[in-house]
Amino acid sequence: MKNVAIIIILFQSFQGIHAQKVFADTQEFLVTTEIMDRGEKHPSYVINLVRSGEENSDKISTLTIEDTELFEDIFITALENPGLEGVSKVIKMEVEYLACCAHVESYYYMLKEDNTIVALPELNNVYCENSDSDFQYIFPNQEYGIEGNILQTQTFYQGATTNTKYVNLKQSFTWNDGVFEDSKTTAITGY
């Protein structure tokens, strides 16, 4: 009986560690910037997300930054093994603009095992002094994740900490044979 209890505790600990997967900094991907100088006071930037260390590599994504006066920085993180069949990792590129608040555009790209890319719809967040929530995607291997689903959520935090107060589901996508489509999942709340 004692051995069964130890196995259950170890299994639950492993599930907790497995469910806590988060996006982490990565050096595998980088951005290149081209300045589109058309004689304007603040020229546009063309941003290319590419794999680092590969010459003439395919671009994962290209976007244009028009508001370069407020443009601040780009952050790239990755989630290894997100728990979706045929997807090896998810790349998140966040483009930050600063004014009185920080405006962050988040782009998520799922890298399939055959090296093709599937882009998810863009998410936007505004962080002001008293902001206590943000929009994000949650994948099956993360806390609050659901097997075979990609969840677009709004996460609320307790005060100025990063402790999650609760999570509201905004939209759910089912991952089905390499295609994401609207799901019938409608409820998720964590306290």
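The link of C101 and C128 is right-handed, with 105° about the S-S bond. This is a predicted model, where local features need pLDDT of at least 70, side-chain atom pairs count only at pLDDT 80 or more, and totals for chains, interfaces and linings use all residues. Residues are numbered from 1 along each chain as its sequence is written, and side-chain values use heavy atoms, with hydrogens and water left out.

**Exercise 1.** Locate the two ends of the C101 and C128 disulfide in the chain.

*Solution.* 
- Check the bond. The sulfur atoms of C101 and C128 are 1.8 Å apart; a disulfide is a pair of cysteine sulfur atoms within 2.5 Å.
- Strands (E, at least two residues) are DSSP runs, numbered from the N terminus.

**Exercise 2.** Is C128 buried, partly exposed or exposed?

*Solution.* 
- Take the cut-offs: buried is under 20% relative accessible area, exposed over 50%, partly exposed in between (1.4 Å probe, protein chains only).
- Apply them. C128 has 35% relative accessibility, so it counts as partly exposed.

**Exercise 3.** Which residues touch the most other members of the largest nonpolar core?

*Solution.* 
- Define the set: buried Ala, Val, Leu, Ile, Met, Phe, Trp, Tyr and Cys residues joined through side-chain atoms within 4.5 Å.
- Pick the residues. Among 16 members, they are L49 and M93.
- Find the main contributor. Strand 6 gives the largest share, four residues.
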